[in-house]
Structures are given as structure tokens and as C-alpha cells.
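Reader: Hi! Could you walk me through this one? I have a few quick questions.

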Amino acid sequence: ILGLAAAVASAFLEARGRYSDCRLVLTGGDADTIAFAMRAPLVEAGGRIDLEPDLPLRGLVALRPADQGSPC
């Protein structure tokens, strides 16, 4: 987790150096764990982490076919 958090933080800070208005949005079930591990370096650099742990599932729901009366 710490290695992944360091890699994501490094990539984000590099991107932010090029694009000052970019945002970091973490998704998925481990988003809060990774965010916790990388919060200190980002806060020191003035960055912010947005958490959207359910974004992948919301995307799948949005892509499902129109309901034909079946719950599945």
C-alpha cells in the first residue's frame, strides 16, 4: 500500500506541476486506505484528495440496459 501510495502521489505531483488545476480522485474499495497513506505528502505540497469509492459501481449502473421489469 505504501509503495502504491508513493507512486500515485509522485505521479499526481508531477501532473500538478504541469497542470495546476488537476485533481486527484481515488476510486474503489481501497481508496480510503491509499488516501490515508498519501495524505501527508500531498497536504504539504498543497494538494487535495477527492474520494469517490463507489464511482466504478455507479458507472456500471449507468451503463446497464433499460429495466425490462427484471431486478437483474
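Reader: Where does α2 bend?

Author: The bend is at M38, by about 50°, and a proline, P41, follows within four residues.

Reader: How far apart are the end C-alpha atoms of α2?

Author: They are 20 Å apart. That agrees with expectation, because 14 residues at 1.5 Å a residue should span 20 Å.

Reader: And what follows α2?

Author: G46 does, and its phi is positive, near 85°.

Reader: Switching topic: where is D50 found? Is D50 buried or exposed?

Author: D50 is found in strand β2, which covers residues 49-52. D50 counts as buried, because its relative accessibility is 11%, under the 20% cut-off.

Reader: Which residues is D50 in contact with, leaving aside neighbours within four places in sequence?

Author: Those are R23, L24, V25 and L26.

Reader: Last one: which elements have the lowest and highest mean pLDDT?

Author: Helix α2 (residues 31-44) has the lowest, at 84, and strand β1 (residues 24-27) has the highest, at 90. For the chain, the mean pLDDT is 84, with 92% of residues reaching 70 or more. Where pLDDT is low, the predicted coordinates should not be read in detail.

Technical notes. Residues are numbered from 1 along each chain as its sequence is written. This is a predicted model: local features need pLDDT of at least 70, side-chain atom pairs count only at pLDDT 80 or more; totals for chains, interfaces and linings use all residues. Side-chain values use heavy atoms; hydrogens and water are left out. pLDDT is the predictor's confidence in each residue, from 0 to 100. Helices (H or I, at least four residues) and strands (E, at least two) are DSSP runs, numbered from the N terminus. Buried means under 20% relative accessible area, exposed over 50%, partly exposed in between (1.4 Å probe, protein chains only). Contact means heavy atoms within 4.5 Å. The expected span of a helix is 1.5 Å times one less than its number of residues. The bend at a residue is the angle between axes fitted to the seven residues ending there and the seven starting there.
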